[in-house]
Amino acid sequence: MLLKFSQRLLSFFRKPVVMILIFLFILTGILFVGKIHSFLTYSNPVQSRNMLIEGWLNNYALEIAANKFKEGNYNKILTTGGRLPDFFKLSVQGGIIFKLDEISLSVNSDQIEYISLKCYGYKAIGVFPHVNLWADSTLIANFYVDRMEKEYSFKIPSSIKRIDKIIVEYTNDAYDEYSDRDLIISSINIEGEVLPIRGKGRYFDEGKIDGHQLIEIIARDFAVQAASMLKYYGVASESIEAISPIDTEFNRTLKNAQSVADWFKYNGDNIHSLNIISFDTHTRRSLMIYKKILPSNIDLGIISIRNYNYDPNCWYMQKSGIKAVFYESIACVYYAVLLLFV
């Protein structure tokens, strides 16, 4: 019976129509792999003095955007993005400073004996993120994280009688054409009291931990956080407008665009063109949505920034590349249908 079934199956696939369909299917797959990334990654800026940045971009992308803003004679910059996740991603070298005198703790700073940190990270060039944990100027731990979230616990040396600040330092940021090394910090536990990463008394310090140009980690949405980072990278505060959507649980890019459209109703009389900045495979979807939602008299352009989580030339050989391309492909189809009813 198995032999007869195999013969019938072989006979079926030998039919000319079936062979043509198989050939077309394979050809479609080859064309998809070869063309889809370049289709999704769209860059076509217009002459404009106004810029819109999707606030969820990594710090290095925000720094690139800030430099483009300053070098391109831009006048206005809009940031978008909804609620931030509970964790904090260090995508550049630097650290988080917890100033204990600004944080409400159930114990005094001279009674702290144990500290633990919940974190994980992404590796690049074969190496995971490295962390230095400081109690004021004393190094109490240094370790490498891995891909799985873990809680790393440490005892404070008895020689330290009082702690004014805890510093979580990320020391080895790196990226190559295949990956980007990032450190993800979920929470810190001081004497059994779990502290969220965002809130009063938490500060981000990029590069060398020297206490200069600190950014308080208190923003609750991407739009405000991106605005803070752009100021850090030298964009004048009066040039930045953070536009926070009310709800972004579903259809986030659409909700962001609708919030920008609402802002234009009352503030956009002098803005007739706009360049949107986003990561590579997200650009096609962003431009499609904003063209549909914003007033038709606004000339829209798009600028793509490279995502270093994978190599765009062989995205199909890397998990992060496959995830980005297939997710954005499905999202483009989804929004193309959704926008017919908006």
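Helix α3 passes helix α4 in a right-handed crossing. A crossing counts as right-handed if the near helix is turned clockwise from the far one by less than a right angle, and as left-handed if anticlockwise. The contact involves N59, L62 and A66 of α3. On the α4 side it involves A226, M229 and L230. Contact here means heavy atoms within 4.5 Å. By class, the residues of this contact are 5 nonpolar, 1 polar and no charged. Ala, Val, Leu, Ile, Met, Phe, Trp, Tyr, Cys and Pro count as nonpolar, Asp, Glu, Lys and Arg as charged, and the others, Gly among them, as polar. Helix α3 spans residues 59-71 and helix α4 residues 222-232. Their axes come within 9 Å and cross at roughly 60°. Axes are lines fitted to C-alpha atoms, for helices over the stretch in contact, with angles from 0 to 180 degrees between N-to-C directions. The two helices are therefore oblique to each other. Angles under 35 degrees count as roughly parallel, over 145 as roughly antiparallel, 65 to 115 as roughly perpendicular, and the rest as oblique.

The model is predicted: local features need pLDDT of at least 70, side-chain atom pairs count only at pLDDT 80 or more, and totals for chains, interfaces and linings use all residues. Residues are numbered from 1 along each chain as its sequence is written, and side-chain values use heavy atoms, with hydrogens and water left out.

R252, T253 and L254 of α5 meet Y327, Y335 and L338 of α7. This contact has 4 nonpolar, 1 polar and 1 charged residues.

The chain holds 7 helices and 16 strands. Helices (H or I, at least four residues) and strands (E, at least two) are DSSP runs, numbered from the N terminus. An open sheet is formed by 6 strands, in the order β7-β6-β9-β4-β12-β13. The pairing is antiparallel. Two strands pair if DSSP finds at least two bridges between them. Within the sheet, β6 (residues 130-135) and β9 (residues 165-170) pair over 5 bridges. V131 has Y170 in β9 as its bridge partner.

Of the chain's 342 residues, 48% count as buried (under 20% relative accessible area; exposed is over 50%, partly exposed in between; 1.4 Å probe, protein chains only). Among contacts between residues at least 6 apart in sequence, 77% join residues at least 24 apart.
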